[in-house]
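Trainee: Before I go further with this protein, could we go through the structure together, one question at a time?

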Amino acid sequence: MATLLLRLLFLLGSPATLLTCAAAGASFPVNVWPKPTSMSWAEPHAAVPVSPSFHIVASSGNPYLVSAAERYAKLLFKEMYRPIVRPAINVTAGNALETLTLAVSDLAAPLQHGVDESYTLEILPTGAATVTAVTAWGAMRGLETFSQLSWRAGGRGRGRDLLLVAAGVRVEDRPLYPHRGLMLDTGRTYFPVSDILRTIDAMAANKMNVFHWHITDSQSFPIVLPSEPSLAEKGAYGEDMKYTVEDVKRIVEFAMSRGVRVVPEIDSPGHTASWAGAYPEAVTCAGKFWLPDGDWNRRLAAEPGAGQLNPLAPKTYEVITNVVNDLTSLFPDGFYHAGADEVTPGCWQADPTIQADLERGGTLSQLLERYVSAVHPLVVSRNRTAVFWEDVLLDAAVNVSTSLIPPDTTILQSWNNGANNTKLIVQAGYRAIVSSASFYYLDCGHGDFVGNNSIYDDPNSDYKADGGSWCGPYKTWQRVYDYDIAYGLTPEEAQLVIGGEVAMWTEQVDTAVLDGRVWPRASAMAEALWSGNRDASGRKRYAEATDRLIDWRQRMVGRGVRAEPIQPLWCRTRPGMCNAVQ
């Protein structure tokens, strides 16, 4: 009788008092992260066992979706997630879930910026479930939601352990922003391919869809390029710290099978000291101490590792042409990140040929314009949208004219001055990716990494709010979650914000700490950009999100992601007792 009632409520609809919706701010016995746009679960909440013969039915028309279906079917049985707080659920016996059917109307839709990621998930109490989506990539998001609505119940051991899935559920879901990314810096620290794959897998679980790979920097050039092998030969940390063409193909394919785009970045003309081993004639101030006499105003770089490409050297353009051509051949995504941040005047001024040009009336901005006027058309000729850091337009000392970076082929990524720089970017007509250091830089607050720094000899230095870090303090998950990336923008300006990225710069990060530095703080941004950080009344929902994030972190750990905890377990089992206000 209970089964029939649930089925009728689900199929025929029910009064508002019998259905609960995530959109209204409700939290369920078992939750999904990021929170769906809309989710209803018929009351009394019920679940059905998953049949041992359960399988996912997917069309063979998209190999990436077939791969995802197989992976999630295995995950369902492999995952041993048990909620910290036992769900108050009625288990409907006799109607085990046999199949999940994927219905996709456009299997051929490519994975690209703006692709439709919407989906609808229905799990009937009768033992059937369906994900309906326009594209394979939306279906993948639905598969992840389905997986998070399953859990283990009963005693441990054979015959007593029960795999359950929520029943009487309908989810209608789509992202707020089309660009939800994580930037990982492999130029300062080399990460094995396995670390990158694990990170991308966790991104997909959080419905993040852009892996921004900051491949090179002044410290190392770890990618082996077919046309320029000497860059990695002379610029990588070691033979076992290089990404081969085969590694890149593996990473791109792995990401594609999870609906994650890989956007490559080769930062230039700044941050290129690692190029000097192969081409010393193309790099200025390489090998020089970055901070002469400890004077910031005379710096040759923003941090240790001085060296910038010389816009007056012909070799610069020969090399960068090969680099862009190789990268756009290896990476199929429609975005190419060309960097252009932190061009330091002192480094160019230290070069005799540049100094002579300046004495003839030239300017540093004209040098950058010369470089960008070659690189931007090259990127566009490869059928790519050029992405630059905000500095190319907003830097006070070295910048370019907007005529050289037309908004229809250019996206700017903000990182300074919070919402102010985002507004400057969109007011100039550019699309913006938001990575404000004040909210989205995950490396901040761990102290500076430079040696023999006398500031720490001051007994009061540790009490400073910045924690010895230029972008401190540490960005807590709440700070990440609460940031509105379109803050202060008009509705028209907000339309130009395509999304955001948390940034993991790695001066003080390696394999040992990567997961904990990224997760679950990146999860906080993932939800804010997927379904927002406010409830239906417009109120910030960080308080309600806390318990859900604890649960999601627990599930991520079970999946092999070493995410750091956000509260003691005691708090999750005693609702409200760890709040700041009763």
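Trainee: In which loop does E342 lie?

Mentor: This is a predicted model, in which local features need pLDDT of at least 70 and side-chain atom pairs count only at pLDDT 80 or more, while totals for chains, interfaces and linings use all residues. Residues are numbered from 1 along each chain as its sequence is written, and side-chain values use heavy atoms, with hydrogens and water left out. Helices (H or I, at least four residues) and strands (E, at least two) are DSSP runs numbered from the N terminus, and on that basis E342 lies in the loop between β14 (335-339) and α8 (345-349).

Trainee: What is the phi of E342, which is not a glycine?

Mentor: Most residues other than glycine have a negative phi. E342 is partly exposed, with a relative accessible area of 26%, where buried means under 20%, exposed over 50% and partly exposed in between (1.4 Å probe, protein chains only). Although E342 is not a glycine, its phi is positive, at about 50°.

Trainee: Is K207 buried or exposed?

Mentor: K207 also has a positive phi, of about 60°, although it is not a glycine. Its place is in the loop between α4 (193-205) and β10 (210-214). With a relative accessible area of 0%, K207 is buried.

Trainee: What is the angle between the planes of W477 and Y481?

Mentor: Both residues lie in helix α14 (residues 477-482), 4 residues apart, which is about one turn of the helix, and both are buried. A search of the whole structure finds 19 aromatic pairs, counting rings of Phe, Tyr and Trp (its six-membered ring) whose centres lie within 6.5 Å, with planes under 30 degrees apart called stacked, over 60 edge-to-face and the rest tilted. W477 and Y481 form an edge-to-face pair, 6.0 Å centre to centre, and the angle between their planes is 70°.

Trainee: How far apart in space are Y430 and L412?

Mentor: Y430 is found in the loop between α12 (418-427) and β17 (431-434), and it is buried, with a relative accessible area of 0%. Leaving aside neighbours within four places in sequence, its contacts (heavy atoms within 4.5 Å) include L393, I405, L412 and L496. Y430 and L412 are 18 residues apart in sequence, and their C-alpha to C-alpha distance is 6.7 Å.

Trainee: What is the radius of gyration of the protein?

Mentor: There are 19 helices and 18 strands in the protein, and buried residues make up 55% of the 582 residues. The radius is taken over C-alpha atoms, and the globule rule is 2.2 Å times the number of residues to the power 0.38. For 582 residues a compact globule would have a value near 25 Å, which agrees with that of the protein, 25 Å.
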